[in-house]
Amino acid sequence: MDYLLRGSNNKILFPKIVVTKNDNYLSRLILVEYAGCESELSSVSDYLYQSILFKESYPKISKAFEQIAEEEASHFKALGKIITSLGDYPTVNINARNKIKYENRKNIPYKKIISDNILKENETIDNYKKIIKYTDNESILKTINIIISAERRHAKINELAYKDI
């Protein structure tokens, strides 16, 4: 099964963000998807980690996860541009209590990892659908809808991978 999203030279093209007024409420909603506990930023690290984890046993899935991580990074960048355009400053969620959590998913079944991915992708789609209710800005709506389409592709790739394991 070929899980690859696209050729490596193709990048998602987001529209230029044009905002005429600051909107702190909308920027705070987007900030959660930007760099909250379950966010575009965490998706980048999750998929990169999984690409390493799956590399020997499932190299095609590994490569797909690497490409998904690259797309998630482009979402992170696009959301950062929206947040700054709305007059806010993008921040990341850092544990202030200096607690470090290391996660080793080596002994977690691959199907469980992938089913978690599917769940997260669908939750992310639902979160973006809620966010778009709070704006009529064409460039923001277009950007978020591009991200939603990508998240749907990611869920579909995970569903195909799940069936093949």
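Visitor: What share of the 165 residues of this protein counts as buried?
Guide: Of the 165 residues, 41% count as buried. Keep in mind as we go that this is a predicted model.

Visitor: Why is the pair of helix 3 and helix 5 called roughly antiparallel?
Guide: Start with the angle: the axes of helix 3 (residues 59–85) and helix 5 (residues 138–164) cross at roughly 165° and come within 11 Å. Angles over 145 degrees count as roughly antiparallel. The crossing angle is above that cut-off, and therefore helix 3 and helix 5 are roughly antiparallel to each other. As for handedness, helix 3 passes helix 5 in a left-handed crossing.

Visitor: Which residues make that contact between helix 3 and helix 5?
Guide: From helix 3 they include Phe 65, Ile 68, Glu 71, Glu 72 and Leu 79. From helix 5 they include Ile 147, Ala 150, Arg 153, His 154 and Ile 157. By class, this contact has 12 nonpolar, four polar and four charged residues.

Visitor: What makes helix 3 and helix 4 roughly parallel?
Guide: It is the angle again: helix 3 and helix 4 pack at about 25°, with their axes 15 Å apart. Angles under 35 degrees count as roughly parallel, so helix 3 is roughly parallel to helix 4. This crossing, of helix 3 past helix 4, is left-handed. The contact involves Phe 65, Ile 68, Glu 72 and Leu 79 of helix 3, together with Ile 114, Asn 117, Glu 121 and Tyr 128 of helix 4. Those residues divide into five nonpolar, one polar and two charged.

Visitor: Now to charges. How many salt bridges are counted?
Guide: The count comes to six salt bridges. Let's look at some of them.

Visitor: How do you know that Lys 120 and Glu 38 form a salt bridge?
Guide: The closest N and O atoms of Lys 120 and Glu 38 are 3.9 Å apart. The rule asks for a side-chain nitrogen of Lys or Arg within 4 Å of a carboxyl oxygen of Asp or Glu, so the pair passes. Lys 120 sits in helix 4 (residues 110–131) and Glu 38 in the loop between helix 1 (24–35) and helix 2 (40–54), so that the pair links parts of the chain 82 residues apart.

Visitor: Why do Lys 120 and Glu 38 count as partly exposed?
Guide: Buried means under 20% relative accessible area and exposed means over 50%. Lys 120 has 26% and Glu 38 has 48%, so each is called partly exposed.

Visitor: What makes the pair of Lys 120 and Asp 46 a salt bridge?
Guide: Their closest N and O atoms are 3.4 Å apart, and the limit is 4 Å. Lys 120 lies in helix 4 and Asp 46 in helix 2, so this pair ties together parts that are 74 residues apart in sequence. Asp 46 has 24% relative accessibility and therefore counts as partly exposed.

Visitor: How do you know that Arg 153 and Glu 71 form a salt bridge?
Guide: Here the closest N and O atoms are 3.0 Å apart, which meets the rule of within 4 Å. Arg 153 belongs to helix 5 and Glu 71 to helix 3, 82 residues apart. Arg 153, at 35% relative accessibility, counts as partly exposed. Glu 71 has 2%, so Glu 71 counts as buried.

Visitor: Is Ser 51 buried or exposed, and why?
Guide: Ser 51, in helix 2, has a relative accessible area of 7%. The cut-off is under 20%, so Ser 51 is buried. Leaving out residues up to four places away in sequence, Ser 51 touches Ser 62, Phe 65 and Glu 66.

Visitor: And what class does Arg 28 fall into?
Guide: Arg 28, in helix 1, has a relative accessible area of 39%, so Arg 28 is partly exposed. Its C-alpha atom is separated by 9.2 Å from that of Pro 90, 62 residues apart along the chain.

Definitions and conventions: Residues are numbered from 1 along each chain as its sequence is written. This is a predicted model: local features need pLDDT of at least 70, side-chain atom pairs count only at pLDDT 80 or more; totals for chains, interfaces and linings use all residues. Side-chain values use heavy atoms; hydrogens and water are left out. Axes are lines fitted to C-alpha atoms, for helices over the stretch in contact, and angles run from 0 to 180 degrees between N-to-C directions. Helices (H or I, at least four residues) and strands (E, at least two) are DSSP runs, numbered from the N terminus. Angles under 35 degrees count as roughly parallel, over 145 as roughly antiparallel, 65 to 115 as roughly perpendicular and the rest as oblique. A crossing is left-handed if the near helix is turned anticlockwise from the far one by less than a right angle, and right-handed if clockwise. Contact means heavy atoms within 4.5 Å. Ala, Val, Leu, Ile, Met, Phe, Trp, Tyr, Cys and Pro count as nonpolar, Asp, Glu, Lys and Arg as charged, and the others, Gly among them, as polar. Buried means under 20% relative accessible area, exposed over 50%, partly exposed in between (1.4 Å probe, protein chains only).
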